[in-house]
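This report describes selected features of one protein structure. Look at the sequence and the model before reading on.

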Amino acid sequence: MDLDVFVTAHRAEWDRLDALLRRQRRLNGAEADELVALYQRTATHLSLIQSSAPDPQLTGRLSQLVARARSAVTGTRRASWRDVTRFLAHGFPAAVYRSRHWWVPTALLSTVVAALLGWWIGTHPEVQSSIAAPSELRELTRPGGQYETYYSSHPAASFAAQVWTNNAQAAAMCLVLGIFLGLPVLWILFQNMLNLGIGMGLMSSVGRLDTFLGLVLPHGLLELTAVFVAAGTGLRLGWTLIDPGPRSRRTALAEEGRAAVGMAIGLALVLFVSGAIEGFVTPSGLPTWARITIGIVAELTFLAYVFVLGGRAARAGDTGDVEAAERSATVPTAA
């Protein structure tokens with residue numbers, strides 16, 4: 001594309017659109033139709049310039065012009081309870097469902113890694129001694145030790161809030177840092193699996209693995225699933241940077257990035273539930289089987305939510321992205 005020729009050919013249209021947007025009086029019918037047509041045309045021009053001959057100054061001017069025109073055409077839109085309902089019933093579960101080919105393998109591989117780390121630590125005393133001194137290990141693993149009292153060491157409400165905040169931050173980091181080719185996501189995921197493997201290994205070395213699992217499973221099933229979803233989505237975002245498919249790289253990153261931001265909000269709600277279980281159920285006096293049953297029910301409910309509601313929404317075309325009217329205009333890209 002010859003940018004100078006392109007600008008010369010279309011400058012009058014952009015100036016006319018700008019003039020219509022600056023009108024103080026109400027536009028008549030013909031002017032309103034003209035504004036819509038010029039808005040659509042200018043949005044196409046912007047996409048062509050961005051993909052063929054990016055010029056920062058011209059792109060900035062047209063981006064502002066298109067944004068002002070979009071606001072004039074669609075009006076100012078405020079979020080409503082309808083948006084919240086749509087997000088929870090369609091957008092969020094559809095986005096999680098669409099990412100299943102990333103987070104399900106991530107969950108399986110991570111679980112295997114945690115189990116192997118736990119076995120290695122539990123069967124190698126020299127590894128255990130490198131983690132802590134023998135007296136500290138005894139304090140961690142004895143009946144009534146730190147692993148058991150950890151969940152009841154603070155008031156349930158404040159403990160649940162702290163756990164929720166920490167886990168939500170970790171999930172958000174996985175989603176956001178995925179843009180760096182997914183490498184920080186792998187590190188965050190490994191740290192989580194290492195901590196889990198250390199707990200399993202140390203408790204199994206003293207024959208108390210059942211106690212450890214009885215404390216972790218009630219909240220851990222849902223909590224780890226949320227972490228795996230965040231990690232898998234972050235890895236998918238990183239892969240989009242490498243292979244955007246038939247879309248342009250800019251469009252693909254914009255679409256997947258918006259969906260990832262929405263997932264961060266949804267996963268914060270999921271982690272709120274797991275935090276509540278960790279704060280109120282895990283340290284409770286309920287029998288172990290009852291606490292684990294609550295954790296299993298919470299996990300199965302979330303999976304049904306994703307694979308039933310999310311699958312239905314995804315098959316209907318929902319991607320978890322914002323509605324089409326709120327997206328930047330794009331032009332078709334050849335496959």
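Helices (H or I, at least four residues) and strands (E, at least two) are DSSP runs, numbered from the N terminus. By that naming, Ile 277 is found in helix H12, which covers residues 249-281. The model is a predicted one, in which local features need pLDDT of at least 70 and side-chain atom pairs count only at pLDDT 80 or more, while totals for chains, interfaces and linings use all residues. Residues are numbered from 1 along each chain as its sequence is written, and side-chain values use heavy atoms, with hydrogens and water left out.

## Two buried residues

A residue is called buried under 20% relative accessible area, exposed over 50%, and partly exposed in between (1.4 Å probe, protein chains only). Ile 277 counts as buried because its relative accessibility is 9%. Contact means heavy atoms within 4.5 Å. Not counting residues up to four places away in sequence, Ile 277 touches Pro 218, His 219, Thr 282 and Ala 298. Ile 277 and Gly 295 are 18 residues apart in sequence, and their C-alpha atoms are 7.8 Å apart in space.

Trp 14 belongs to helix H1, residues 3-22. With a relative accessible area of 0%, Trp 14 is buried. Which residues are in contact with Trp 14, leaving aside its neighbours within four places in sequence? They are Phe 6, Val 7, Thr 42, His 45, Ile 49, Leu 58, Arg 61, Leu 62 and Leu 65. Between the C-alpha atoms of Trp 14 and Gln 191 the separation is 53 Å, and these two residues are 177 residues apart along the chain.

## Salt bridges

Side chains of opposite charge can pair when their charged atoms come close. A salt bridge here is a side-chain nitrogen of Lys or Arg within 4 Å of a carboxyl oxygen of Asp or Glu. The structure holds nine of them.

| Arg 41 | Glu 13 | 2.7 Å |

Consider the pair of Arg 41 and Glu 13, whose side chains meet in a salt bridge. Arg 41 lies in helix H2 (residues 29-52) and Glu 13 in helix H1, so this pair ties together parts that are 28 residues apart in sequence. Arg 41 is partly exposed, at 39% relative accessibility, and Glu 13 is buried, at 18%.

Since Glu 34 is in helix H2 and Arg 16 in helix H1, the pair ties together parts that are 18 residues apart in sequence. Glu 34 is partly exposed, with a relative accessible area of 29%, and Arg 16 is also partly exposed, at 28%.

Asp 18 is buried, with a relative accessible area of 18%, whereas Arg 68 is partly exposed, at 34%. Asp 18, Arg 22 and Arg 68 are linked in a network of salt bridges.

## Helices H9 and H11

How do the axes of H9 and H11 cross, and within what distance do they come? Axes are lines fitted to C-alpha atoms, for helices over the stretch in contact, and angles run from 0 to 180 degrees between N-to-C directions. The axes of helix H9 (residues 156-177) and H11 come within 7 Å and cross at roughly 20 degrees. That makes H9 roughly parallel to H11; angles under 35 degrees count as roughly parallel, over 145 as roughly antiparallel, 65 to 115 as roughly perpendicular and the rest as oblique.

From H9, Val 163, Asn 167, Ala 171, Cys 174 and Leu 175 meet Glu 223, Ala 230, Ala 231, Thr 233, Gly 234 and Leu 237 in H11. Val 176 also has its place in H9, and Val 176 is exposed, with a relative accessible area of 56%.

## Accessible areas come from the Shrake-Rupley method with a 1.4 Å probe, and for residues only the protein chains shown count as cover. Leu 181, Leu 183, Leu 186, Trp 239 and Ile 242 form a nonpolar patch on the surface, and together they have about 510 Å² of accessible area. Helix H10 (183-205) and helix H11 (209-242) each supply at least two residues of this patch. Leu 183 is placed in helix H10 and counts as exposed, at 56% relative accessibility.

Terms used. Patch = residues over 30% accessible without salt bridge, like charges linked within 9 Å, V, L, I, M, F, W, Y side chains within 5 Å.
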